[in-house]
Amino acid sequence: MCSRGDAQRSGRVAGRSAERGAPRPGRSAMSRCKVAIVLCLDVGFTMSSSAPDEESSLEQAKKVMTKFVQRQVFAESKDEVAVVLFGTDGTRNDLASRDQYQNITVHRSLMLPDFDLLEDIQDVIKPGSEQADFLDAIIVCMDLLQKQTVGKKYEKRHIELFTDLGSTVSEDQLEIIIANLKKTGISLQFLNPFPRKGLTEQQKEGIDVVRKLMHALDEEGGLEEIYTFRESLERLSMFKKIERRPMAWPCQLTIGSNLSIRIVAYKSVTEEKVKKVWTTVDAKTLRKDDVQKETVYCLNDDDETEVQKDDTIQGFRYGSDIVPFSKEDEEQMKYKTEAKCFSVLGFSRSSQIQRHCYMGNQVLKVFAAKDDENAAVAFSALVHALDELKVVAVVRYAYDRRSNPQIGAAFPYIKDAYECLIYVQLPYMEDLRQYIFSSLKNNKKCIPTADQLSAVDSLIDSMNLVYEADDGETFEDLFKPSKIPNPHFQRLYQCLQHKAFHPNEPLPPIEEHLLKMLEMPSVVKERCQGPLEKIKALFPLKEVVKKKDKKTAQDIFKDSSEDGPSPKKPRIEDEEGSFSIMKLAEGNVTSVGSVNPAEDFRILVRQKNADFKDVSQQLINHIDQFLENKGSQYYMKGINCIRVFREEAVKLSKVQCFNDFLQALKSKVEDKALADFWEIMMQDRISLVTKDEAKESSVTSEEAEKFLAPKEKKNEILPPTDEGGDVDDLVSTVKTLCVFRIKL
């Protein structure tokens, strides 16, 4: 049975304290001193009795104790824990005499919790056949805390009492116990296995004594609510997070060369990672010392000639080459500053710092230096000015002289209790990823109806994670990420704890509370069912089965010139994927080159602030060069460039630029007698962009079809063939060209 009070302070089921001291000035909860805790467990015969198929009170209490100790162990807590048992068959405590403090045993003195304690709780602590007064047990615990904490520094001394209150109790020393608890500042907590109903007369008497005791220590109402072992177990089901001592980072906030403010910064948010304590041990002995790791360097030759470590040097892969880079080179390369730095480069409107640009693995809270009045006044003026003007400070941050500098934003943050700057790192140019996607507005199929928009609005409203009361003033978070522990840590600790005691057994299943932790709140799940059904009705899903075209050998190898123009080729589905891979492989592209002009063009026009007209002119110049060479391979390269030019012009709404180019190209083709090239254009159906394809165009489908037809010339004289070839070579070239185009 426990009071509502501080039900789970610092990861424990904490009790009502006799004297609640205020935190020390300048110290946070994270930097507190250690706590001395005594777990006082009733092992009397009433605790071990239970109904058939029910768990005894003792087993429930041991589960609660196990969870508590597990949390302390995996959190690497510095709190010390002792164990006192009452109701034991024997007696072992410093206060025991012939007829006093009997059947009470100090099982473990104050020390850091470890796996030995967990083993004791699970296997060593057994039920007793006697009964003992729980008030006597409290006195033994107080005596232990008094003696074993002398000369040591503890923030708090605490007793957790697990009992079903089934033993007789004497109130003779109740006033003495209350006085000593107040005098020593020892806090006390009761945990019981039962609800209020169904109590025996002895248990009711015990509750009355507990109520008197807790009323005397705390005037908040005694035991208005009772927490059972089951409720306590639920509260302790999460492993406690590792406590971190805050490390102050003192520095000077500088604005220009004449203004400097002493500051101190603390990490407010940072990614927590699993401590790397994995090691390689012998599988049989489980000893680390029995395994030695040795690294040997060898040449890649037949003899595998060994090379001494002093004869090796690290290298940096630069393309296909290895650039040697020694440790000395690496040290000289490192960016070095004069000292740590937090320098204001300028100011910007807070609206200019986009949320998606926040990066880095930490958030800093920056305060004025402690006990410096001048710094406090200047820092407060800066924070309030930033807040009133709705601007942020853009700062240069360097942790120390060996660290690479960062660019970040410092936001004003004003609370009733304190005020500070919140520092968040901002990206450099290389950190940004620029992607351009075609607009959904240009596709009529993607425009939602009014009913569809309304349905989505209703779904969003129903899934609101903030509950608002009818008065419009009371709000409650239904899902608090800051209160949710990392499931990865929880599962890891669960498995480690299981393997420690059951090394040969398989791992247990994931605990139910871990699975439910990241699920949608039940209230929200029920609330959104109606809108989801409406969404399903308005956005029907239909399975699309792609029909595979059957191709015969005749279809693949036939001469395309025999059957006339071929239909327009479908767009390759993985075109975007191959483009991205090629972009990554080839590095930064600054101009349209002659090796792969089509892809260079595609990359350049998609860059931010790209000049489409300038980039397209570079591509046009290469197309003209390909036509000047008058060869089938150059023609195909030019065709590919034109096809990419057309696609990007449609995507980026630059169709007029492409249409002007194509009209000019047709004139050049006619002037230079490139009929064979234009024949390929006709076969591939590469014509002007019509208004059916892009609304910016004024060309009709009939005009585009007519545009492809070549002008008829009277008495047309065929151009001479290239020297060095004969008729058979020409036929072979044409057939090779046709087959190659079919493969594309």
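1. The model is a predicted one: local features need pLDDT of at least 70, side-chain atom pairs count only at pLDDT 80 or more, and totals for chains, interfaces and linings use all residues. Residues are numbered from 1 along each chain as its sequence is written, and side-chain values use heavy atoms, with hydrogens and water left out.

2. The secondary structure comprises 23 helices and 18 strands; helices (H or I, at least four residues) and strands (E, at least two) are DSSP runs numbered from the N terminus. Of the 744 residues in the chain, 37% are buried. Here buried means under 20% relative accessible area, exposed means over 50%, and partly exposed lies in between (1.4 Å probe, protein chains only). Among contacts between residues at least 6 apart in sequence, 71% join residues at least 24 apart, a contact being heavy atoms within 4.5 Å.

3. Helix α2 covers residues 57–74 and has 18 residues. From its first C-alpha to its last α2 reaches 26 Å, close to the 26 Å expected at 1.5 Å a residue; the expected span is 1.5 Å times one less than the number of residues. The helix is mostly covered, with 16 of its 18 residues buried. After α2 comes Glu-76, which has a positive phi near 55°.

4. Strand β13 (residues 359–368) pairs with strand β7 (residues 259–270) in the antiparallel sense over 7 bridges; two strands pair if DSSP finds at least two bridges between them. In this pairing Val-264 stands opposite Phe-367 of β13. Strand β13 also pairs with strand β16 (residues 419–426), again in the antiparallel sense, over 4 bridges. There, Gln-425 in β16 is the bridge partner of Met-359.

5. A nonpolar surface patch is formed by Phe-316, Tyr-318 and Val-323, with about 350 Å² of accessible area together. Patches are made of residues with over 30% relative accessible area and no salt bridge; like charges are joined within 9 Å, and nonpolar side chains (Val, Leu, Ile, Met, Phe, Trp, Tyr) within 5 Å. Val-323 belongs to strand β11 (residues 321–324) and is partly exposed, at a relative accessible area of 36%.

6. The structure holds 20 salt bridges, each defined as a side-chain nitrogen of Lys or Arg within 4 Å of a carboxyl oxygen of Asp or Glu. One of them joins Arg-602 and Glu-599 at 3.5 Å, N to O. These two residues are 3 apart in helix α17 (residues 597–605), so about one helical turn separates them. Arg-602 is buried at 3% relative accessibility, and Glu-599 is buried at 15%.

7. Arg-602 also meets Glu-647 in a salt bridge (3.6 Å, N to O). Because Glu-647 lies in helix α19 (residues 632–651) and Arg-602 in helix α17, this pair ties together parts that are 45 residues apart in sequence. Glu-647 is partly exposed, at 23% relative accessibility.

8. In a further salt bridge, the closest N and O atoms of Glu-705 and Arg-685 are 2.3 Å apart. This pair links distant parts of the chain, 20 residues apart: Glu-705 is in helix α22 (residues 701–708), and Arg-685 is in the loop between α21 (675–683) and α22. Glu-705 is partly exposed at 45%, as is Arg-685 at 27%. Elsewhere, salt bridges that share partners join Glu-599, Arg-602, Arg-606, Glu-647 and Glu-648 into one network.

Notes
Accessible areas come from the Shrake-Rupley method with a 1.4 Å probe; for residues, only the protein chains shown count as cover.
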